[in-house]
Amino acid sequence: MLQAAVTGLASTVFFVMQGVNSGLSALAGAVIAVIPNFVFATLAFSHMGASATAKVLKSFYWGEAVKLLLTIVLFSIAFIYLKAAFMPLFVCYVLGLIVHWTAPLYFKQS
């Protein structure tokens, strides 16, 4: 949720500061960062428990493969069909990845 909130805010800033095309491009970058991570989490954590170790490992591999393919497809759609602006798209995408990587530092449980 933090990833979606931060990238959504950044998309709004691009929309206000640089116009509709930049705002939509930034929103596309946000979607490309958030949706594949959500799909990965859904697939990877579909099995739990020590008795399902093989299923857990297999679901992590499948989740990562689907995440990678979905990211490629979404980038292709953004550039081919949306004619997205390069800079806003990648700024929001990288911002989404940075939030994803640093979130455990802020929400560390004792």
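Reply: Helices here are DSSP runs of H or I with at least four residues, strands are runs of E with at least two, and both are numbered from the N terminus. Ala10 lies in one of these runs, helix H1. This is a predicted model, in which local features need pLDDT of at least 70 and side-chain atom pairs count only at pLDDT 80 or more, while totals for chains, interfaces and linings use all residues. Residues are numbered from 1 along each chain as its sequence is written, and side-chain values use heavy atoms, with hydrogens and water left out.

Me: What makes the pattern of the chain α-α-α-α?

Reply: The chain has four helices and zero strands, and reading along the sequence gives α-α-α-α. The C-alpha trace spans about 55 × 35 × 15 Å along its principal axes.

Me: Why is Ala10 called buried?

Reply: Buried means under 20% relative accessible area, exposed means over 50%, and partly exposed is in between, with a 1.4 Å probe and protein chains only. Ala10 has a relative accessible area of 13%, so it is buried. In the chain of 110 residues, buried residues make up 33%.

Me: What is Ala10 in contact with, leaving aside its neighbours within four places in sequence?

Reply: Contact means heavy atoms within 4.5 Å. With those neighbours left aside, Ala10 is in contact with Cys92 and Leu95. Ala10 and Ala30 are 20 residues apart in sequence, and their C-alpha atoms are 8.6 Å apart in space.

Me: How do you know that the buried residues of H1 line one face of the helix?

Reply: The buried residues of H1 are Gln3, Thr7, Ala10, Ser11 and Phe14. Seen down the axis of H1, they fall within an arc of 105°, so they line one face. The arc is that of the directions from the helix axis to the C-beta atoms. An α-helix has 3.6 residues a turn, so residues three or four places apart point the same way. Leu9 and Val16 are exposed residues on the face of H1 turned away from its buried side. The cover over the buried residues of H1 includes H2 and helix H4 (86-106).

Me: Why is H1 called roughly antiparallel to H2?

Reply: Axes are lines fitted to C-alpha atoms, for helices over the stretch in contact, and angles run from 0 to 180 degrees between N-to-C directions. Angles under 35 degrees count as roughly parallel, over 145 as roughly antiparallel, 65 to 115 as roughly perpendicular and the rest as oblique. Helix H1 (residues 2-18) and helix H2 (residues 20-44) pack at about 170°, with axes 7 Å apart. That angle makes H1 roughly antiparallel to H2. By class, their contact has nine nonpolar, seven polar and no charged residues. Ala, Val, Leu, Ile, Met, Phe, Trp, Tyr, Cys and Pro count as nonpolar, Asp, Glu, Lys and Arg as charged, and the others, Gly among them, as polar.

Me: Which residues does Val34 touch, not counting those up to four places away in sequence?

Reply: Val34 is in helix H2, and on that count Val34 touches Gln3, Ala4 and Thr7. Val34 and Leu97 are 63 residues apart in sequence and 8.5 Å apart in space, C-alpha to C-alpha.

Me: How do you know that the reach of H3 is close to the expected one?

Reply: The expected span of a helix is 1.5 Å times one less than its number of residues. H3 has 28 residues and reaches 41 Å from its first C-alpha to its last, close to the expected 40 Å. Its buried residues are Ser59, Gly63, Lys67, Thr71, Leu74, Phe75 and Ala78. What covers the buried residues of H3 includes H2 and H4.

Me: Why is Phe45 called partly exposed?

Reply: Phe45 has a relative accessible area of 45%, which puts it in the partly exposed class. Phe45 sits in the loop between H2 and helix H3 (53-80).

Me: What makes the phi of Lys83 worth a remark?

Reply: Most residues other than glycine have a negative phi. Lys83 is not a glycine, yet its phi is positive, at about 50°. Lys83 is in the loop between H3 and H4 and is exposed, with a relative accessible area of 59%.
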